[in-house]
Structures are given as C-alpha cells and as structure tokens.
Amino acid sequence: MKILFVGYGFHPVNAGGAAQIQAECINACRNLGMEVAIYQSGTYAFLPRTFLKIRRLSDGTPLYDLVNSPNRPGKRKPEDEIRHEAVIQVSKRVLSLAKPDIVHIHELTFHCADFIRLCGELDIPVVKTIHNYWDLCPQRDLLFNRKTPCVDYDDGRCCVACAFAWKQRPVIAAVAKHLHGHRLFLPAKKIWNLLQVMCSGAQGLRGKSDCVTADADSEKQHRLASAYRRRRTEFIENLNRVDAIHVYSKKSGRILADYGVYEDRIHYVPISTSAVDRIARKKPYDGGSQITFGYRGGVAENKGLGILIQSFRSVDQSRALLLIFGNGQQRYLQYLRNQAHGLNIEFMGGYPSKDVGKINLGIDVGIIPSIWEELFGLVGIEFLGSGVPIIASDIGGINEYVIPGRNGYLVKAGDSVSLTDAMNRFIQDPQEIRRLQEGCRPWISVGEMTRKLGQLYEHIVG
C-alpha cells in the first residue's frame, strides 16, 4: 500500500511537536509495511514562479517540494488559501506521480483547502491529522492578537483586525535552505539573530500582520470579512469530505464538532514518540536548597511565557530556579529576557530531541503555561515519562494526562496568581514533588500508536 504524507516541512528540518508527530507517523507506516512518499510545502527558491521539485531522501523516500507557494505568510489571501490554481496544478502532478492508495494530511499551510476536494475527485481516501486550528483560524491558534481566546470571530471581522507576530521572508528562507548543512550556516544564523535583536527596539515586537488586513476603508473591510467567513466555511466543508479526521486529544475533537465538523469523521488515536519510549526516569526527589522549575518548548506568545515570568516574579527567588528551554523569534526572546532581568531565570536555548531525557533529569517540576487551546503538548508526556510532576494550564488536551493531586496541578490559563500559588505549593512543601512522582506514569508506546493508526487506515480503505 502506498501512502502520501502532506505537510509543511518535516522533522528534523522543522522542529516542534507537530514535526515530531509527523515523523513518528511516517515511521509507523514503514513499520506497517507501507510505501511512503512526502509532499511538503514551505520551500523557496530564487525564481518568480510556483513549481514542483522532486528529490529523494537518504533512505530513498520520494520527496515532492511545493516551491515558492503564493500562500506564504505575510502575502497570503483567504481566497487563495481555499484554492490557488498554481498550487492545485502542482498537487495534481504530485498525485499522478506518487499514485497513493491513501493520502495522510498533516498540514495544509502553504497548500490550499481544495487539495482535499482534488483527492476526492480522484477517489483517493484521505486521513487528516489535526495539529492546530488552521481549518478554523488563519492564525492557527484561535487567539485574537495571540493574547485572548477568539470565541466569536464576528463573521470574519475579527480576522480582518487580528495581527500576528510572525512574517516569513521568502528570500531569507531561500538563503537559509541553500546554507543549511554548510559551515557558514551557524555563523549566518547568529548574525541574523543579532540583527533581529538590534532592530527590536525600533520596530517593536509585533511586526507586520500575517493576515491580509484592511485599512479604514469600510467597503474593503467588509469584502475581507466576507472572504474570511467564506474561508472558514470552505475549510470546514473540505474537512467533512475526508474519510477520517485523526485527533490526538478528545478536546480538539469536541472543538471541531462545535464548529460543524461531522462527528462520525472524527477518530481519537493517541500519539507517542520514540523519545518517550526511550526516556530515562528520575530518582525520587531527595530535597535540595532550591526547586528547579522547567519550561520546554517553543518560545512564542501563545505558550504563555510572559505569564510564567510574571508569576515567577512573586516567588522566593532564593528557593526557586526557572530554566527556559527552547527557541523562537529573537525579538520576542529579547523581550522575555528583559522581563526576567533580576530574577533567578536562565534561558537555556534550543536542544536536540535526543537530549529530552537528560534535560528532564535536571528539572524538579515541569511547567506548561499555554494560553491557547493546546491540542496535546508532547512535552507533558515526556515530563511524566521522566517522573517530573507538572503544573499546567487547564486548557486544550493537557488535562487528559495531568491529573490534579496525582501527577501535578492544573491552573487557570493566563492567570498569573494561580500559577504563582501552584509554584509556592511546591516551594513550601518540597516533599510534594516526591509524592506526585509516584503518580507519573508513562504514556502509550510508539508500538501501540502504530497499531491504532494501522486500524484507522484499514477502516477507511476497507
């Protein structure tokens, strides 16, 4: 059986939980004896057109690159995200070359929603894994200005007003692609990061909007709001065309159903990674002069790091240390460093996934302070596998593995006071760490995930 994976970049080129899950799903299909091919977007080249590039990975896997997608951040339009003819033509060619029996979509960023319609026209079964809320929200996280939950998008008018922090520069992306693996790559990256920090004061943190926004012209605002309303409608209609929607948290399935996605399409299959299988377990906590709290993950506003630093300011700095592991936009990192000035906080930078277990050994209590509907949070099951109790926001799929009083505590998302109270609970009674360690249980294995994915594929093909 041939399976085509569709997404925006694949691990290890792209970091993050979604990329890791994509990689594990690919390995799972190989273990099931399936023939794998990849169709990815997000690649740029110094040519003024959209085209297909075909190559093979070192293991022989066919790789189809959608190069110079017009649906890139900072330039994309709602109507093009529904259907762009140049992207559809490239997609048609990929499907004719790969000849898949199943298409498994992980991301349609840079692609367009009508790729699902195209598969339907060719009678190719489709599975779509939900890693974020791209099908409902152009910013993927259902947050307005990446600060507050967007519970009512006001028929598209909120999308017109919404601003976002990240704008990808195609030329920079193309240069990075050509330098990747070259000895000049790391020096060039350091120089670029330094320039971003130097410019942060003059340009501000937010930068330009990632959405297409309108000026004060009310007629233009009305047209754009209508376009964003149609975008959501078309994306949901395309979701209802797929054979199976794979969710790895039950909460994300309920959110999709609330927006009109057919419940009989939604299938819950929990996910895991090989890193979780290999992770080392800590020794029982034996006390110390201070408690080490740790954050691991992406450094972005929707991860709640601003709230975390604000909360940590109110704890006894002589009895607590906060380690922040992860990378993000340099200007936002510099902002966080400024907020953390004078506090017992250390920014540890990025890390390879193979070092997850080693990093967890140096953390007494893990913190997941997300303010968006976090679909799952791989870092959480990695903490639990290591025997690290968790303080986490009671949002998204996090509360499906954090059980208050057994392996950690849940706090109200975005509430700095309740997060401070939870940290103080451990500071005042450090033996609470040892007690909660006993309730930290490993998550499912990659083998179990592979078995359940195989059952899902059999269900839609059979």
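Buried means under 20% relative accessible area, exposed over 50%, and partly exposed in between (1.4 Å probe, protein chains only). Strands (E, at least two residues) and helices (H or I, at least four) are DSSP runs, numbered from the N terminus.

This is a predicted model: local features need pLDDT of at least 70, side-chain atom pairs count only at pLDDT 80 or more, and totals for chains, interfaces and linings use all residues. Residues are numbered from 1 along each chain as its sequence is written, and side-chain values use heavy atoms, leaving out hydrogens and water.

**View 1. Strand S1 and its partners.**
Five of the seven residues of S1 are buried, so this strand is mostly covered. Strands pair if DSSP finds at least two bridges between them. S1 runs parallel to S2, and seven bridges join the two. Look for isoleucine 3: its bridge partner in S2 is valine 36. S1 also runs parallel to S5, here with four bridges. Valine 6 has isoleucine 105 as its bridge partner in S5.

**View 2. The open sheet.**
Eight strands make up this open sheet, with mixed pairing. Trace them in the order S3-S4-S2-S1-S5-S6-S9-S10. From one strand to the next, the twist averages 25°. Angles run from 0 to 180 degrees between N-to-C directions, using axes fitted to C-alpha atoms, for helices over the stretch in contact. S2 (residues 35–43) and S4 (residues 62–67) pair in the parallel sense, over four bridges. In this pairing, tyrosine 39 stands opposite tyrosine 64 of S4.

**View 3. Two helices across the strands.**
Helix H3 covers residues 85–98. H3 lies across S1 (2–8), S2, S3, S4 and S5 (102–105). Its direction is at about 30° to S3. Helix H4, residues 114–121, lies across S1, S2, S5 and S6 (126–129). H4 runs at about 170° to S5.

**View 4. Valine 103 in the largest nonpolar core.**
A nonpolar core is a set of buried Ala, Val, Leu, Ile, Met, Phe, Trp, Tyr and Cys residues joined through side-chain atoms within 4.5 Å. The largest one here has 89 residues. Which of them touch the most other members? Leu4 and Val103 do. Contact means heavy atoms within 4.5 Å. Beyond four places in sequence, valine 103 touches Leu4, Val6, Leu95, Phe115, Cys119, Ile124, Pro125, Val126 and Val127. Another core lies apart from the largest one. This other core has 31 residues, including Leu308, Ile324, Ile391 and Leu419.

Threonine 148 sits in strand S8 (residues 148–149). Threonine 148 is partly exposed, at 41% relative accessible area. Asparagine 302 is in the loop between S11 (291–296) and H11 (305–312). Buried or exposed? Asparagine 302 is buried, because its relative accessible area is 6%. Beyond four places in sequence, asparagine 302 touches Asp141, Leu143, Arg146, Ser370, Ile371 and Trp372.

**View 5. Cysteines without a disulfide.**
A search of the whole structure finds zero disulfides (cysteine sulfur pairs within 2.5 Å). The cysteine sulfur closest to that of cysteine 29 belongs to cysteine 25, 6.9 Å away, which is too far for a bond. Cysteine 29 counts as buried, at 0% relative accessibility. Cysteine 112 is buried as well, with a relative accessible area of 1%.
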